[in-house]
Amino acid sequence: KMFDWDFILSQSDGFYDYILEGSLIQMQYTGLKDKNGKEIYEGDIVKVIPKPRGTKGVYDVIYYEDRFLLDGYDNYDHDGYPQFDWKELEIIGNIYENPELLNPPQSE
C-alpha cells in the first residue's frame with residue numbers, strides 16, 4: 001500500500017516507527033509527471049510512448065548519479081540525457097506490486 005509523506009507524518013508515533021524499522025519502502029518523487037498527469041516515482045514502471053526503434057518500451061525508474069533514469073534504456077544523447085520527453089511516459093505499475101511487467105512471458 002502506498003502512502004504520501006503528509007499522511008505518514010500525521011499518524012501516531014507507532015506508525016512512524018513501523019516505517020523506520022524498514023517495513024515500508026520509500027519511493028522518491030522525481031518532480032515529473034507522466035502523460036496523464038500522474039506523479040512519477042523511483043520504482044515506477046513506465047511505458048515509453050512512442051516506443052523508440054530498438055528499445056523494449058517498458059522500464060523502471062531509477063535514481064543514479066543525481067538524476068532519474070530509465071533502467072536499461074539505451075537511447076541517450078552525447079550529454080547523457082534520455083531521448084524522450086518525460087511527458088511521453090505512461091505509468092503502468094511499480095516494481096513492488098507489478099514486477100512481472102518488466103519481464104513479460106516470452107512467446108514460443
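In what order do the four strands of the open sheet stand? In this predicted model, the order is β5-β4-β3-β6, and the pairing is antiparallel. Strands of a sheet pair through backbone hydrogen bonds, either parallel or antiparallel. The points below look at the sheet, the nonpolar core and the aromatic pairs in turn.

**The sheet**
- The edges of the sheet are taken by β5 (67-70) and β6 (89-94), each of which has a single partner strand, so one side of each is left without a neighbour in the sheet.
- From one strand to the next, the twist averages 40°.
- Strand β4 (residues 58-64) runs antiparallel to β5 and is joined to β5 by four bridges, and Y64 has R67 in β5 as its bridge partner.

- In soluble globular proteins, nonpolar side chains tend to be buried together.
- The largest nonpolar core here has twelve residues, namely I40, V46, V48, Y59, V61, F68, L70, Y73, F84, W86, L89 and I91.
- At least two residues of this core come from each of β3 (44-48), β4, β5 and β6.
- I91, one of the core residues, is in contact with D34, K38, E39, I40, D44, I45 and V46, when its neighbours within four places in sequence are left aside.

**Aromatic pairs**
- The structure holds two aromatic pairs, and in one of them the rings of Y29 and Y41 have centres 5.2 Å apart and planes at 45°, so this pair is tilted.
- Because Y29 lies in strand β1 (residues 29-33) and Y41 in strand β2 (residues 39-41), the pair ties together parts that are twelve residues apart in sequence.
- Y29 has a relative accessibility of 28% and therefore counts as partly exposed.

Terms used
Residues numbered from 1 in each chain as written. Predicted model: local features only at pLDDT ≥ 70, side-chain atom pairs only at ≥ 80, totals over all residues. Heavy atoms only, no water. Pairing = 2+ DSSP bridges. Axes fitted to C-alpha atoms, helices over the stretch in contact; angles between N-to-C directions. Phe/Tyr/Trp six-rings, centres within 6.5 Å; stacked < 30°, edge-to-face > 60°. Buried < 20%, exposed > 50% of the residue type's maximum accessible area, 1.4 Å probe, protein only. Core = buried A, V, L, I, M, F, W, Y, C linked by side-chain atoms within 4.5 Å. Contact = heavy atoms within 4.5 Å.
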